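Trainee: Before I use any of the labels attached to this model, I would like to go through them one at a time and hear what each one rests on.
Mentor: Then let us set each value against its cut-off and see where that leads.

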Amino acid sequence: MRLKQLGEEPLVSVVIPVFNRAKQISNCLLSVCNQTYRNTEIIVVDDCSTDETLAAVARCEDPRLRVVKADRNGGAATARNLGIEAARGDLVAFQDSDDYWVPHKIEDQVERFRSLSDTHIGLYSGKIRYGKYGPGECSFVPHPNDHALSDRILETTAYKNHVTMQTLMVRREVFDGDLRFDPRLRANEDWEFTLSLALLGKIAFDPQPHCIAEVSPDSISRGLGRNVSSMLYIVRKHRCLLSTYPQALGQHFYGISRILSRLRKYRLANIVILHALRCDRYNWRCYVAFALNAISRFMPIPRW
């Protein structure tokens, strides 16, 4: 992939998909519009909201803001793709409609991009997440000691996704080909996208926290059923890539089985565990989970 040289002040396109976030979108836009780096265009993609989201967006009178309206509700992946098509910038960043950026987020990342080699197609940073482990609880994602090294981004992403969409910034050229978010996914589309992105080049990490995210009750990541179907779809789609890292593939099968267990689908969970053991027969957790699932089919046991 040929990357053009970035100018002194490259245009940054910020893509924000939104669906029924009338109460949250204003604060999100405030954090984006008030960035210290000013050469930006802000693209809000409305995914057929049925509340007052568009009215809330209209109250933001920043001339850099544009609204793209989807023809039908297609989910975050489809909305982001519409934003990518509308983007005119040299760099593309993504933000979620209920999260906030620190004021110097874009400025820091543009400056970091200038210091990277031409083999780097993107970079991401840390975020502070509230509410995942209970009210008032916060965590730093990813942990500074658990990030993906840029020259091993593909291998580490095969195991788990370290890249958060709210902090990701990429070169516009990565979208000159077929790379897009998979519209068939309604969960885990960020991991699938990062797997595809990592095939194209290096992605650098900045440990500075640039985003503040709150886990809301209707968060996509909390839908267990959608998590199972999306994970199975991604594993099938990227089976050749993931098979290169059999322990990673086994880890994903084990994770799917754990979700199925929580849904009380114990027989299906054990079928998936057998796939996990074919990938990594030394994973002792699989044997324990298999036994507990077998017992749970006939008698209740405490949640494990």
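Mentor: The model is predicted, and by the rule for ring centres within 6.5 Å the count comes to five aromatic pairs.

Trainee: Why is the pair of Phe94 and Phe181 called edge-to-face?
Mentor: The ring centres lie 5.4 Å apart, which is within the 6.5 Å needed for a pair, and the planes stand at 85 degrees; because an angle over 60 degrees counts as edge-to-face, the label follows.

Trainee: What makes this pair one that ties together separate parts of the chain?
Mentor: Phe94 belongs to strand β4 (residues 91-94), whereas Phe181 lies in the loop between β8 (169-171) and α6 (189-198), so the two parts joined by the pair are 87 residues apart in sequence.

Trainee: And are Phe94 and Phe181 buried or exposed?
Mentor: The cut-off for buried is under 20% relative accessible area; Phe94 has 0% and Phe181 has 1%, so both residues count as buried. Ring pairs also link Phe94 and Phe181 with Phe175 and Phe193 into a cluster.

Trainee: Which charged end sits over the ring of Phe181?
Mentor: The charged end of Arg80 does, 5.2 Å from the ring centre, and this distance is within the 6 Å that the definition asks for. Another such case is Lys105, whose charged end sits over the ring of Trp101 at 4.1 Å from its centre.

Trainee: How do you know that Phe205 is buried?
Mentor: Its relative accessibility is 10%, and because buried means under 20%, Phe205 counts as buried.

Trainee: In which sense do β6 and β9 pair, parallel or antiparallel?
Mentor: β6 and β9 pair in the parallel sense over 10 bridges, where at least two are required, and Arg129 stands opposite Ala213 in β9. Strand β5 (residues 100-101), by contrast, pairs with β9 in the antiparallel sense over two bridges, with Cys211 as the bridge partner of Trp101.

Trainee: Why are α9 and α10 called roughly antiparallel?
Mentor: Helix α9 (residues 246-262) and helix α10 (residues 266-279) pack at an angle of about 170 degrees, with their axes 8 Å apart; because an angle over 145 degrees counts as roughly antiparallel, α9 and α10 receive that label. The contact includes Leu249, Phe253 and Ile256 of α9, and Leu268, Val272 and Ile273 of α10.

Trainee: What makes Asn20 partly exposed?
Mentor: Its relative accessibility is 25%, which falls between the limits of 20% and 50%, so Asn20 counts as partly exposed. Asn20 lies in the loop between β1 (12-18) and α1 (25-33), and has a positive phi of about 50 degrees although it is not a glycine.

Trainee: And how do you know that Cys48 is partly exposed?
Mentor: Its relative accessible area of 27% also lies between 20% and 50%, so the conclusion is partly exposed. Cys48, in the loop between β2 (40-46) and α2 (53-58), has a positive phi near 65 degrees.

Notes
Residues are numbered from 1 along each chain as its sequence is written. This is a predicted model: local features need pLDDT of at least 70, side-chain atom pairs count only at pLDDT 80 or more; totals for chains, interfaces and linings use all residues. Side-chain values use heavy atoms; hydrogens and water are left out. Rings of Phe, Tyr and Trp (its six-membered ring) pair if their centres lie within 6.5 Å; planes under 30 degrees apart count as stacked, over 60 as edge-to-face and the rest as tilted. Helices (H or I, at least four residues) and strands (E, at least two) are DSSP runs, numbered from the N terminus. Buried means under 20% relative accessible area, exposed over 50%, partly exposed in between (1.4 Å probe, protein chains only). A charge sits over a ring if NZ of Lys or CZ of Arg is within 6 Å of the ring centre and within 35 degrees of the ring normal. Axes are lines fitted to C-alpha atoms, for helices over the stretch in contact, and angles run from 0 to 180 degrees between N-to-C directions. Angles under 35 degrees count as roughly parallel, over 145 as roughly antiparallel, 65 to 115 as roughly perpendicular and the rest as oblique. Contact means heavy atoms within 4.5 Å.
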